[in-house]
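Colleague: I would like to go through this model with you, starting from the fold of one chain and ending with individual residues. Could you take my questions in turn?

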Amino acid sequence: MSKLTEIASARRTWAWPYVLFLVLFVVLPLLLILYYAFTTPGGDFTIQNFIKFFHTSEAVNTLIYSMAIAFITTVICLLLGYPAAYIMAMADFKTPQVMALLFILPMWINFLLRTIATVELFNMFGLPLGEGALLFGMCYDYLPFMIYPIYNTLQKMDRSLIEAAQDLGASKANVFTKVVLPLSVPGIYSGIVMVFMPTVSTFAIAELLTHNKITLFGSLIQRSFGEGGIAMWNYGAALSLIMLIIIAATSFFDQERDHDAQKGGLL
Amino acid sequence: MSSAQLEARRRSRQLMAKRIGGQAYLWLLLILLYAPILLIFIFSFTQSKVFGNWTGFTFHLYENLFTGYDSTAQVRVDPNLYRAIFFTVVIAIGAATIATLLGTLAAIGLFNMRSRARKSITFLNSIPMINPDILTGISLFLLFVFLGISRGLGTVLIAHVVFCTPYVVLSVMPRLTQMNPNLYEAALDLGATPAQALWKVMLPELKPGMISGFILALTLSIDDFGVTFFTKGSNGLETLSTFIYADARKGGLTPELRPLFSLIFLTILVLLIIMNIRTNKQMNQNKK
């Protein structure tokens, strides 16, 4: 017995290097964002960085605008992606995985290059590079992230539930709204999070898609670390902290849902 | 024809129409998704420096890419492109290797931990996956500045290990839960040293998870832009992503990128097709 516990405790230690690594390179850096956000370049405590943000209407507007763009992108991706995932999961193709793979394959091409190609596509058709191009490019880049999780949950769904609903006299619309849709909610939530989080924080795509005409919140953060010089880092850290809060809130919302889904599954 | 037959016909026709409609929708989306890639592919066969400008069919860009010399313009192809390719590959392989080792050990350790400790570490492990690249990048940037570490290859490598390892942990974990927990102890009882038990008993069991984790890490590393951007410093270290970004900001795009990515895309397409045929064959064999 003592030998067994000895072995078990020995193997428990195998995670320690990674725990140390996580503390040093994940926890500490996040704490540093917090530290820089609440200090002056000299290292004194201040909330000036946040006051500056809330008093710069341009910065606040950029945040609101970025969230709106991310929200619209997420909605468009959901409206376009859900039917695609549904058709793929329900159809009895000989090789449904091939279809799913075809949707993921574009992600293997560097996303910046794909974005530049999208810009070129707009140029060829003489379309202006503005909000439209931005939304199109964002949806184009992140649509696979919406399709895949929904497709996964729909595919794992117990098909006999649909048959049962049909046998019990549910109409096609009812089968969808009362059986399929509720069961795919976990997939929808992870799809929403997987699209919303990167779009709300993106910084390169918007620059390329609109030729710097539209600034998103991510670009604002990037600029305070790039062109701003050391004097702007604390302000940049404050902006990063605001972003971090948005991300944490979004992911928390997803986790809550996950638990609900698991509970539902157990029942 | 009876009305029942007519009804059946109408139904099957409706079903057909629905299926065709569904298929058409999928293909339309795919065409949209592939349009920009197709554009890159098409314009890899013309010489024009400007992307989107067709000046006749030629393999010149492919030639330039492989010889490193543009014989028409009589200039060398930007040597930074090759450096970027080199560093992308080195960083990806390095980060994926470290992440696989670190992540596999961590998964084994986590698996043997008490549930409370396991839960809190699993939470820590999920942070890099949830964090958008800009926040991972900036937080690490601040760390390196704070500690006075000059940024370069080493810091990029560490940063890539940060966002790759969680995926390795998640790919190895299921293999551990599926594994018979007594195998390792049995090996020890039968006289194996812990190292032998790890190497000969556990590793073969975990290998599929490690391989998929490694491949995932590789792709994440190659595709990364945001984290690299903030951790690469200003000593001229570029990966393909940051190289493309710098290039695009300058206004032009090195034309040799077009054949490069066409070739990468074709290679992956062929690999996926081969993999698919193989799994299909295996599935058929299993059915027999």
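Colleague: How many helices and strands does chain B have, and in what order do they run?

Modeller: This is a predicted model, and in it chain B has 11 helices and two strands. Read from the N terminus on, the order of the elements is α-α-β-β-α-α-α-α-α-α-α-α-α.

Colleague: Is chain B compact or spread out, judged by its radius of gyration?

Modeller: The C-alpha atoms of chain B fill a box of roughly 80 × 70 × 35 Å along the principal axes. For 288 residues the globule rule gives 19 Å, and the radius of gyration of chain B is well over that value, so the chain is more spread out than a compact globule, with a radius of 26 Å.

Colleague: What share of the contacts in chain B with a separation of 6 or more joins residues 24 or more positions apart?

Modeller: Buried residues make up 38% of the 288 residues in chain B. As for the contacts with a separation of 6 or more, the share that comes from residues 24 or more positions apart is 74%.

Colleague: Which helix gives the largest share of the side of chain A that touches chain B?

Modeller: The contact between the two chains takes 68 residues from chain A and 61 residues from chain B. On the side of chain A, the largest share is 15 residues, and these come from helix H2 (residues 16–37) of chain A.

Colleague: How many nonpolar residues does that side of chain A have?

Modeller: Sorted by class, the side of chain A that touches chain B has four charged and nine polar residues, while its nonpolar residues number 55.

Colleague: How many residues does domain 1 of chain A give to its contact with domain 2 of chain A?

Modeller: The domain assignment of chain A gives domain 1 (2–37) and domain 2 (60–266). Domain 2 supplies seven residues to the contact between them, and domain 1 supplies four. By class, the side of domain 1 that touches domain 2 has no polar and no charged residues, and its nonpolar residues number four.

Colleague: Is Phe163(B) buried or exposed?

Modeller: Phe163(B) lies in helix H6 (residues 153–178) of chain B. Leaving aside its neighbours within four places in sequence, Phe163(B) is in contact with Pro128(B), Thr136(B), Leu220(B) and Val227(B). The cut-off for burial is 20 or more other C-beta atoms within 10 Å, and because Phe163(B) has 25 such neighbours inside 10 Å, this residue counts as buried.

Colleague: What distance separates the C-alpha atoms of Phe163(B) and Thr136(B)?

Modeller: Thr136(B) is one of the buried residues of H5(B). Along the chain Phe163(B) and Thr136(B) are 27 residues apart, and their C-alpha atoms are separated by 8.1 Å.

Colleague: How many residues of H5(B) are buried, and what phi does Gly148(B) take just after it?

Modeller: Helix H5 (residues 133–147) of chain B reaches 21 Å from its first C-alpha to its last, close to the 21 Å expected at 1.5 Å a residue. H5(B) is mostly covered, with 12 of its 15 residues buried. Just after H5(B), Gly148(B) takes a positive phi of about 70°.

Conventions: Residues numbered from 1 in each chain as written. Chains lettered and ligands numbered in written order. Predicted model: local features only at pLDDT ≥ 70, side-chain atom pairs only at ≥ 80, totals over all residues. Helix = DSSP H or I, 4+ residues; strand = E, 2+ residues; numbered from the N terminus. Rg over C-alpha atoms; globule rule 2.2 N^0.38 Å. Nonpolar A, V, L, I, M, F, W, Y, C, P; charged D, E, K, R; others polar. Domains from an automatic or database assignment. Expected span 1.5 Å × (residues − 1).
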